[in-house]
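Please look at the structure shown below.

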Amino acid sequence: MTETVPAPRYTTYVPLTDLAPAPGNPKKHEVERIIESIRTHGFVDQPITDERTHTILGGHGRREALIEMQARGERLPGGLLVDNDGGWLVPVQRGWSSRSDAEAKALNIKLNKIATDGGWRPRSLAAYLEDIVTEDAELYDSLAISEDELDKLLRQVDPETLPGAVNEDQAAPHLPDAGGDGPGDSGFSADDEGRTRLTTCPACGHAFTPGR
């Protein structure tokens, strides 16, 4: 007879009001950006509970965002449940216990620091940004990438090496003049209809066809 082994990590739904933050949590959060992300994508990143201290190690910003969203009377985000009293129930990862306060604090820092320390692969990031901005400009805007970040990326990536880039060996597309000659004139000549128009990607700086 096969014995069932309890899962070392598991997900359970707990009341939002029961999510206790770690004392003195050092991580700052851009709560409004987290709220925007939850509105757009639902709740997709579970907080992690320390079974020894009964506090969360990762997820403090998401906790703050959910509390604020509920206080504003916003609708239940995707991924959450509602209890019989109308309270929000949040999925959390359970099953891990720290050996000491020092270990709990160390993991708290690691959960926030290691991912950002890795940095980005510039060419892959530029390609991702191109795909996003061509398909959904609002999603691109939600990334809140600063001009300084874009400038740094452009210094590391050759736009002509990205998929869809226009190089000197390719025929230049026909682009309309900026303005028209009269009221209602869009600036397109009679033979412009059906021709491909290009836009410059704000992420990587090269030309792309919108919607492709």
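The largest nonpolar core has 16 residues, with Leu-19, Ile-38, Leu-66 and Val-90 making the most contacts inside it. Such a core is a set of buried Ala, Val, Leu, Ile, Met, Phe, Trp, Tyr and Cys residues joined through side-chain atoms within 4.5 Å, where buried means under 20% relative accessible area, exposed over 50% and partly exposed in between (1.4 Å probe, protein chains only). The model is predicted, so local features need pLDDT of at least 70 and side-chain atom pairs count only at pLDDT 80 or more, while totals for chains, interfaces and linings use all residues. Residues are numbered from 1 along each chain as its sequence is written, and side-chain values use heavy atoms, leaving out hydrogens and water.

**Nonpolar cores**
- Beyond its neighbours within four places in sequence, Val-90 is in contact (heavy atoms within 4.5 Å) with residues including Thr-12, Tyr-13, Phe-43, Pro-47 and Leu-80.

**Loop residues with positive phi**
- His-54, in the loop between strand S2 (48–50) and strand S3 (55–58), has a phi near 60°, a positive value in a residue other than glycine.
- His-54 counts as exposed because its relative accessibility is 55%.
- Ala-144, in the loop between H5 and H6, has a phi near 50° and is partly exposed, with a relative accessible area of 43%.

Definitions and conventions:
Helices (H or I, at least four residues) and strands (E, at least two) are DSSP runs, numbered from the N terminus.
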